[in-house]
Structures are given as structure tokens and as C-alpha cells.
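Hello,

Here is the structure I promised to pass on to you. Have a look at it first, and then read on for what I found in it.

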Amino acid sequence: MSLHLPVISIALLLLASFVMPLLRRGARAAALPFTLSVLGAVFTVSLYLIYLVESRGAFSYHVGGWPPPWGVELYIDHLAVYMMMVLSSICLVVMVYGARDLYHEIRAEVMSWYYTLYLLLLASMIGIALTNDLFTLFVFLEISTISACGIISIKKDRECIEASFKYLILSVLGSGCVLLGVAMIYMITGYLNYDFVAQELPQAIAEYPYNILMALSLFIVGFSVKSALFPLHIWLPDAHSSAPSPSSAVLSGLVIKIYAAAILRLLFRVFPAELFEVVPVLDILLFLSVLAVMAGSIFAMVQEDIKRMLAYSSIAQIGFVFMGIGLFGNRALLGGLVHIFNHALMKSMLFLAAGLIIYAAGIRNIRDLRGIGVRMPLTMGAFAIGAFSMVGIPGTNGFISKWHLALGALDLGRPFFVAIILLSSLLNGIYYLPIVINAFFGVKIEPRSEHRDVPGMMLVPVLILAAGVIFFGFYPGPILALLEQAIVL
Amino acid sequence: MEIISRLLENYYYFVSMVLFIIGIHTMLTHSNLIKKVIGMNIMDTSIFLFFVSIGYRRGGMAPIIQPGVEAEMYVNPLPSALILTGIVVAVSVTAYALSLIVELYKQYGTCCANEIAQIRAREES
Amino acid sequence: MKDIVIRTVCRVIVPFVQVYGLYVIFHGHLSPGGGFAGGAILGSSMVLFALSFHLEAGAQKLGHETSSYLESGGGIWYILIGLLGLALGSNFLTNRAAGLGFGLPGQLFSGGMIFLLSLGIGVKVASTMFTLFYNLSEEEGSGGDHQ
């Protein structure tokens with residue numbers, strides 16, 4: 001029975017998302033508890049799956065009872081359960097926050113649609129993490145694209161609609177590239193299953209080198225557009241800053257990472273390692289990630305809107321994940337992967353804290369944040385923890401991932417990247433710390449608008465995430481142990 | 001000369017690649033939002049054509065097994081089945097994009113991305 | 001629109017189109033077609049009806065509420081059928097191995113659960129086409145709520 005749990009959790013999420021629109025009138029009040037209980041169940045399942053994979057190793061699941069290469073296969077290994085845990089935990093916490101916040105950002109009639117889209121998004125992201133099949137990957141990619149755009153455009157604001165249109169066009173371009181890459185792979189190997197493709201590719205390289213190169217580059221371009229790697233990031237700032245705060249937290253914390261995890265799986269499980277010695281794909285990724293880390297931080301410095309600044313900071317942070325992939329060493333990859341979780345924790349927390357400030361004081365501009373720490377000490381305290389973690393101060397989880405990335409770079413004898421990591425920490429400090437300092441010690445400006453009290457339902461998730469940032473800063477052991485098994489180079 | 005003869009032999013791949021580039025070009029360079037969606041559809045269709053033509057065998061039969069009838073060669077049905085899913089996805093993306101355009105037109109009174117950018121720049125200044 | 005030619009032709013054609021759509025849905029496991037193709041035919045017949053009469057007439061035949069119930073119902077139906085495989089002791093969406101009855105090849109009821117799945121997909125696609133059409137054509141489009 002327990003082997004069915006991965007597919008049951010995806011089916012449960014899909015089922016719940018289809019049930020949501022049926023809840024009319026009186027039953028509408030049940031939508032939120034129902035969503036939360038489904039998310040909680042999926043989170044529990046993901047913890048149990050971690051235990052299961054730790055105790056009995058990776059296993060695969062054949063949907064429909066058809067063994068591969070005929071059927072769709074889910075492959076549940078350490079990386080998959082790790083991603084599933086990250087996705088479901090952050091989604092659960094953000095939804096607890098969103099329960100109150102959403103009512104003042106979107107209209108009440110479309111609330112049930114928001115739950116639908118949110119559950120669909122989580123289901124598709126878990127699908128991307130678990131799938132072992134190229135075409136299923138594409139289908140889940142498209143579902144995640146549409147639902148991710150949906151949770152932006154549901155606000156019906158002009159900026160939101162425009163941002164989600166831009167996001168949609170570029171994402172569709174990305175998934176078009178991925179589908180063409182899948183077609184190229186299918187053309188020469190005749191398989192869609194990762195394992196079978198990986199078996200066939202080494203022989204196929206000699207015969208059809210151009211097809212494989214094209215497939216590889218199409219995958220890289222497609223996934224880089226979707227995960228906003230530097231030169232292809234233009235959709236991200238608009239989309240993430242205009243969306244409702246819970247959507248921003250999920251989009252910035254999870255959605256862009258899952259595509260990085262997907263390309264990681266493709267690069268290391270499907271494409272033969274000899275290919276990377278001939279083609280400088282990893283070097284290109286490294287180069288782009290360095291550019292992303294630098295450019296994201298520099299763009300973030302000049303922003304005035306707090307959510308826009310956080311969005312640009314995400315561009316810099318996704319660079320670290322790709323740096324881990326590009327360095328292609330055990331330790332660096334560990335750093336990059338653990339950064340997925342760490343950044344998901346801190347960035348969603350920062351977005352939620354920013355959402356709280358916007359909710360309570362109606363302030364979006366960074367200069368107006370002076371003295372807000374006195375009025376909202378807990379929120380700004382959490383924000384400060386997130387900011388420290390972004391800078392990478394020891395004791396926060398941001399330090400752990402940067403530490404492992406830097407050590408990984410040293411292991412490979414590339415100290416240049418250590419310098420980049422240090423420089424980016426410095427840049428992060430330049431734009432994060434003044435906010436914190438001004439908020440607590442700045443000259444207090446009289447509140448210009450009415451000040452709303454922060455409901456406990458909204459504050460608690462932020463504090464939980466902040467506690468997580470500290471906790472995993474001191475005890476990263478369990479996560480690192482899980483990830484060490486996930487990396488088989 | 002060899003490359004030309006190979007191109008002529010596999011002209012359907014060539015045509016779908018040309019369509020793909022036309023689609024991407026339309027999608028990224030035109031400022032009219034409807035034209036962007038049309039470009040998106042051209043791009044998707046080109047990929048579908050490419051995928052389906054992979055499964056085609058010259059002289060193959062439709063892959064329906066009828067009792068008593070033995071065919072020598074069947075067309076590969078898998079790409080067609082996959083592309084059916086792709087078409088579903090393309091339809092829903094198109095519908096969603098069009099509904100966004102309707103909404104944008106209501107808000108800004110124009111379907112042109114450049115004009116929308118101008119309106120926004122005027123509002124901000 | 002009050003063109004009598006269009007209305008009469010439409011009234012004659014629509015039942016045939018719908019029967020054809022149902023045929024394509026039910027014969028999904030025997031011939032090309034299936035849930036999506038049949039559902040699209042079924043949905044477009046309703047769109048044709050709404051276009052040639054007027055929007056309210058179409059809405060009377062199939063209300064928005066009913067349509068959205070059908071839409072969700074189709075998806076739920078699919079997943080429940082999938083879970084049936086689990087209930088019978090094998091994997092998600094398992095068909096023959098789970099012990100579902102198969103008739104003679106070539107007969108209408110010969111695909112186990114595929115028939116039921118096509119039905120669910122057909123209902124979902126038809127109602128989605130219809131809802132999409134209404135959301136886009138009416139002034140109050142609700143935008144961005146689909147699949």
C-alpha cells in the first residue's frame with residue numbers, strides 16, 4: 001500500500017482541485033479547511049516517503065501496471081522525496097498565511113478558483129519531481145505553467161494581467177523548446193523513459209550527434225526560461241512583484257526551483273557524462289549563473305518597491321542553484337540542492353513578511369519602511385532573520401548552502417567562484433541590511449495611513465518559517481544527509 | 001549535393017523547423033498580442049508536425065488490429081497519441097492567453113504591447 | 001442573428017453532430033478518436049447552437065452552473081476510475097491486470113475501463129469548450145480559470 005502513496009498524493013491533489021469549484025454557497029466555507037487538510041496530508045505523506053526511501057531505497061511505480069518502456073513510470077528516489085518535502089511543506093505554510101491575506105487581495109467569488117489553481121500547481125510540481133518519463137514531464141510542465149500564470153492573473157489588476165501574459169508567452173516558448181527536445185530524443189532513441197533513453201544515448205551519439213546537441217540545447221533554453229536564469233529572466237520581476245503575496249511566495253520560492261531540479265535530473269540521469277567533456281554545457285551554465293548572481297543583486301539594489309527587490313534577489317539566488325549544477329562536483333551540487341530548500345524557506349518568508357507589511361501599513365516603497373520595526377517588531381524581526389540568511393551570516397540556513405557551494409568550488413580548484421559567492425553576499429548585504437537597520441533604528445515617520453492589526457493566522461506562518469531558517473542554520477544535518485544520498489555522480 | 005538530397009528526402013522535418021522559426025519570430029517580435037498568440041500556435045503546430053512525422057512510415061497502415069487482417073507495417077501510433085495531449089495543452093494555453101488579452105483590452109483599450117507600455121510609462125511619470 | 005437558413009440548417013445538423021461526437025467518444029478504443037476528439041465535437045455542436053441562435057438560448061440548454069459541475073465531474077470521474085485500480089489491488093489506472101472484464105476484441109464493450117475514461121474525458125472536454133466559449137464571448141469573462 002505504501003508504494004502507492006506517491007501517486008495517491010498526486011491524485012488526491014488533483015481530486016481536491018476538481019472538487020473545489022463544486023463547493024457553492026454554504027459549502028464554500030469548507031474550501032479552506034479542505035485545502036489545508038489536503039496539503040497537510042500530502043506533507044505527511046512526503047515525510048513518510050522520506051522514511052520509506054531512507055529505509056528501503058529508491059523505488060519506481062508503474063502507472064497502469066504497464067512496465068517501462070510502455071507505461072508511465074514514477075521514480076521515487078532521494079532527490080524526488082526531497083523535492084516533494086520542500087514543495088509540500090512550503091505550500092502548506094504559505095496556504096495558512098494566504099487564508100487571511102487573500103481576502104483583501106482577490107475577490108471573494110474567485111477564492112475557490114484560487115484553491116483549485118494552487119492545488120493543481122502543487123500537484124504538477126510534485127509530478128515534475130517524481131516523473132521518470134519525458135512526455136509526462138512535458139504535460140506537468142504545461143499544467144504548472146498555466147496554474148502559475150493563473151495564480152498571478154487571478155488578482156485582475158492591470159499589472160498582474162500584463163505580467164502574467166508576459167510570463168505565459170515566455171513559458172510557452174520554454175515548454176515548446178522542451179517538447180521539441182523531447183521529439184529529438186524520441187526520434188533517435190525511440191524511448192521516452194529516462195532510463196531507456198540513457199541506455200540508448202551513448203550509442204546514438206556516434207550516429208546522430210546533431211540531434212542530441214540540439215535536444216540538449218533546447219532543454220537548457222527551455223528550462224532556463226522557466227527558471228529565470230539570467231538573460232532569460234525578464235518576465236520574473238513583473239510577475240513575482242505584482243502577484244498576491246502568497247502567490248509570490250510560492251512562485252519565487254518553489255516554482256522556479258522545480259525547473260532547476262528537472263534540468264538537473266535530465267543532465268545527470270539522461271545525458272551521458274562523456275557528452276559534457278565534449279560540449280561545454282556546464283561551463284555555459286556556470287557562466288550564466290555567475291552573471292545571474294551578479295546582475296540580480298545589482299538590479300535589486302536600485303529597486304524602490306520591496307516586492308520587486310525581492311523578485312530581483314530571486315534571480316540572483318537561482319544563480320546559486322545553477323552554480324551548483326554547473327560546478328559538477330559532489331559538494332557543490334550538495335550546496336546547490338540544499339539552497340533549493342533554504343532559499344524556498346527564506347524567500348517565501350520574506351515575501352510573506354513583505355505581504356504583512358503591505359497588509360498592515362499599506363507600504364510598498366522601501367524608503368517608507370523607516371521605523372516600521374517599532375510598530376511591527378515580530379514581522380520585521382522575521383524579515384531581519386531572512387535578510388541575514390540572504391547575506392549568509394552563520395547561524396542561518398543561507399550560510400549552510402553558501403558554505404557548501406564555496407567548499408565545493410575549492411574542492412574542484414576553482415577559487416574564482418568562492419570570490420563570486422563572497423561578493424554576492426556583500427552585495428546582498430548592501431541592499432538587505434539598510435532596510436533592516438532603517439526599520440528598527442531609522443527616524444520614525446508618522447504613520448500616513450490607517451494601521452491594521454496583524455492577525456495571528458498571518459503572523460504565525462511567517463514566524464514558523466523564520467524559526468525554520470534558524471533551525472536549519474544550526475541543524476542542517478538531516479537535510480544534508482538526505483541530499484548526500486540523492487547525489488550519485 | 002548530399003545534404004540537399006537528404007533534405008528533399010526528409011522535407012517534412014525541414015518544413016516543421018521553418019514553421020518553428022516563423023512561430024518564434026512572430027511570437028517575440030510582433031507587438032500585437034493576438035499576433036503573438038497566433039505565433040505561439042504556429043510554433044506549437046510545427047512541433048506537433050515534427051513529432052507526428054517521426055512516427056510516419058511510408059506505406060504503413062493505420063495501427064488498428066483487425067481480427068484476420070495482417071498488415072506488413074503499421075504507422076507508429078505513439079507520437080500521434082502524445083501529440084493529442086499536446087494539442088489539448090495548446091488549446092487550453094490559447095484559451096487562457098485569449099482571455100488575458102480580452103482582459104487587457106478592457107483595461108487598456110488596446111491590443112498592442114507597445115501602446116500598453118507607453119500608457120504605463122505615462123502613468124508612472 | 002435571425003437568419004432563417006442558418007437556424008434551420010443548424011437545427012438539422014446539431015443532433016447529427018452530437019450523435020457523431022458520442023460515437024467518437026464511445027469508439028475511442030476501437031478506432032481513431034476518443035474522449036478529447038469526441039468531446040470537442042460535442043462541445044462545438046453546442047457552440048454552433050449558441051452561435052446560430054443567441055447566447056441566452058445556448059445558456060438555457062446548458063446552464064453555466066451545470067456546465068461547470070460537468071467539468072469538475074469529468075475530472076473527478078477520471079481520478080475515481082484510476083483509484084478503482086488501486087481498490088482492486090493493483091496500480092493506479094490499471095486495467096486488465098486488475099481483473100476488469102474484457103469482451104471480444106472489436107466489440108463496443110471490450111476495453112475495460114478505457115470506455116469509462118473516454119466518457120469522463122468527453123464530458124469534461126465538451127463542457128470545457130462550452131464554458132470557454134461563454135467566458136470569452138460574454139462581457140463578464142472570468143478569465144484564467146481553466147485546467
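Chain A contains 20 helices and two strands. Please keep in mind throughout that this is a predicted model. Along the principal axes, the C-alpha atoms of chain A fill a box of roughly 70 × 60 × 45 Å. Of the 489 residues in chain A, 63% are buried. If you take the contacts in chain A between residues at least 6 apart in sequence, 79% of them join residues at least 24 apart.

Helix H2 (residues 31-56) of chain A packs on helix H3 (residues 78-105) of chain A at an angle of about 155 degrees, and their axes are 9 Å apart. An angle over 145 degrees counts as roughly antiparallel, and H2(A) and H3(A) are therefore roughly antiparallel to each other. The crossing of H2(A) and H3(A) is left-handed. On the H2(A) side, the residues that meet H3(A) include Leu32(A), Leu36(A), Leu39(A), Phe43(A), Leu47(A), Ile50(A) and Val53(A). Among their partners in H3(A) are His78(A), Val81(A), Met85(A), Leu92(A), Met95(A) and Ala99(A). By class, this contact has 17 nonpolar, six polar and no charged residues.

Now to chain C. Buried residues account for 40% of its 147 residues. Among contacts in chain C between residues at least 6 apart in sequence, 61% join residues at least 24 apart.

The axes of helix H4 (residues 64-87) of chain C and helix H5 (residues 114-137) of chain C come within 8 Å and cross at roughly 150 degrees. That angle makes H4(C) roughly antiparallel to H5(C), and the crossing of the two is left-handed. The residues of H4(C) in this contact include Gly73(C), Gly74(C), Gly75(C), Trp77(C) and Tyr78(C). In H5(C), Gly120(C), Lys124(C), Phe130(C) and Tyr134(C) are among the residues they meet. The contact of H4(C) with H5(C) divides into ten nonpolar, ten polar and two charged residues.

Finally, the contacts between chains. How many residues does chain A bring to its contact with chain C? There are 19 from chain A, and 20 from chain C. Helix H1 (5-19), strand S1 (59-62) and helix H5 (134-153) of chain A each supply at least two residues of the side that touches chain C. H1(A) gives the most to that side, with six residues. The residues of chain A on that side are 13 nonpolar, six polar and no charged.

With chain B, 21 residues of chain A are in contact with 25 residues of chain B. Here the elements of chain A that give two or more residues are H5 and helix H6 (158-189). The largest share, 15 residues, comes from H6(A). This side of chain A has 15 nonpolar, three polar and three charged residues.

Methods
Residues are numbered from 1 along each chain as its sequence is written. Chains are lettered from A and ligands numbered from 1 in the order in which they are written. This is a predicted model: local features need pLDDT of at least 70, side-chain atom pairs count only at pLDDT 80 or more; totals for chains, interfaces and linings use all residues. Two residues are in contact if their C-beta atoms, placed from the backbone, lie within 7 Å. Helices (H or I, at least four residues) and strands (E, at least two) are DSSP runs, numbered from the N terminus. Ala, Val, Leu, Ile, Met, Phe, Trp, Tyr, Cys and Pro count as nonpolar, Asp, Glu, Lys and Arg as charged, and the others, Gly among them, as polar. A residue is buried if 20 or more other C-beta atoms lie within 10 Å of its own, exposed if 12 or fewer, and partly exposed in between; C-beta atoms are placed from the backbone. Axes are lines fitted to C-alpha atoms, for helices over the stretch in contact, and angles run from 0 to 180 degrees between N-to-C directions. Angles under 35 degrees count as roughly parallel, over 145 as roughly antiparallel, 65 to 115 as roughly perpendicular and the rest as oblique. A crossing is left-handed if the near helix is turned anticlockwise from the far one by less than a right angle, and right-handed if clockwise.
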